[in-house]
Amino acid sequence: MGPSVCTTERNPMAAASSPELPTAPGPGGPSSGVLAAFEAAKGFMPLHEGLALHAAATEAARLGLPLLEVGTYCGRSTILLADAARAAGVTALTVDHHRGSEEQQPGWEYHDPETVDPEVGLMDTLPAFRRTLHRAGLEDHVVALVGRSPQIARIWNTPLGLVFIDGGHTDEHANADYEGWAPRVAHGGLLVIHDVFPAPEDEFTGQAPYRVYLRALASGAFTEVSVTDSLRVLRRTRTGSDPRR
Ligand SMILES: C[S@@+](CC[C@H](N)C(=O)[O-])C[C@H]1O[C@@H](n2cnc3c(N)ncnc32)[C@H](O)[C@@H]1O
């Protein structure tokens with residue numbers, strides 16, 4: 001494998017066109033060491049969205065419940081959940097089958113040949129994820145759940161302080177993530193959704209996350225807390241998660 005520093009930012013123009021976006025942590029933000037590990041990890045999250053995710057995770061961790069991410073990839077965003085979990089004495093959980101999303105497969109825009117296991121001939125981001133966490137010194141604060149998100153969600157009953165949805169971008173996958181994990185967000189806990197692009201011309205990988213975000217708001221169970229580019233933070237303020245149930 002080549003150098004570990006190979007960051008793919010999904011929509012660099014979004015950050016470039018917004019000069020007021022934060023590029024350094026505020027009080028209670030990640031340390032310089034954690035930020036360096038985040039910047040060095042392969043992944044798709046720009047810094048300003050990462051800082052917003054860290055702030056949400058830090059707040060949610062005060063509930064004393066686990067923080068869960070759907071979509072580990074190589075661990076870039078996991079570092080931020082793990083750091084917030086470490087500070088609060090809770091655990092970060094991260095779910096991924098590690099075979100990559102549709103747009104990350106060979107021949108697609110977000111494919112990274114370094115993520116392919118040459119023996120099996122399929123993507124396998126688990127080794128890179130483990131290296132990322134090891135380098136960040138955060139292994140003790142993360143439990144990796146390797147498998148398909150709906151399959152794991154079906155057997156998961158523990159309430160969660162935060163659910164961060166950053167998995168597959170088809171309607172099928174994004175809706176399954178919402179249906180599987182949103183019901184587990186505790187009262188006062190946070191639901192965070194990445195890659196929410198209301199304008200079709202801004203989206204790079206489809207608008208399914210935007211539709212899931214609208215679905216969460218329409219449920220009446222979640223109230224918007226913050227918007228940082230494509231990262232939306234919602235708080236559970238009522239029970240339920242779907243107006244159709
Ligand atoms: C956009 S990447 C996650 C990026 C990561 N959060 C970061 O900050 O770099 C999406 C990940 O979701 C995983 N994924 C997609 N569909 C999934 C599913 N149904 N179950 C589990 N993992 C899935 C893919 O393997 C991929 O690693």
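## A tour of the predicted model

Residues are numbered from 1 along each chain as its sequence is written.

**Core.** Select Ala56, Ala57, Leu67, Leu162, Val163, Leu191 and Val192. They have the most contacts inside the largest nonpolar core, which has 65 residues. Such a core is a set of buried Ala, Val, Leu, Ile, Met, Phe, Trp, Tyr and Cys residues joined through C-beta atoms within 7 Å. Buried means 20 or more other C-beta atoms within 10 Å; exposed means 12 or fewer, and partly exposed lies in between, with C-beta atoms placed from the backbone. Now show helix H3 (residues 47–61), which gives the core its largest share, eight residues.

**Ligand.** Next, select the shell of 22 residues around the ligand; Gly43, Gly71, Ser77, Ser149 and Gly168 come nearest. A shell residue has its C-beta atom, placed from the backbone, within 6 Å. Helix H4 (76–88) and strand S2 (92–96) each give two or more residues to this shell.

**Two loops.** Go to His98, between S2 and strand S3 (116–117). Its phi is near 65°, positive in a residue other than glycine. His98 counts as buried because it has 20 C-beta neighbours inside 10 Å. Finish at Asp229, in the loop between strand S8 (222–228) and strand S9 (231–236). Here phi is near 50°, again a positive value in a residue other than glycine. With 19 other C-beta atoms within 10 Å, Asp229 is partly exposed.

Notes
Predicted model: local features only at pLDDT ≥ 70, side-chain atom pairs only at ≥ 80, totals over all residues. Helix = DSSP H or I, 4+ residues; strand = E, 2+ residues; numbered from the N terminus.
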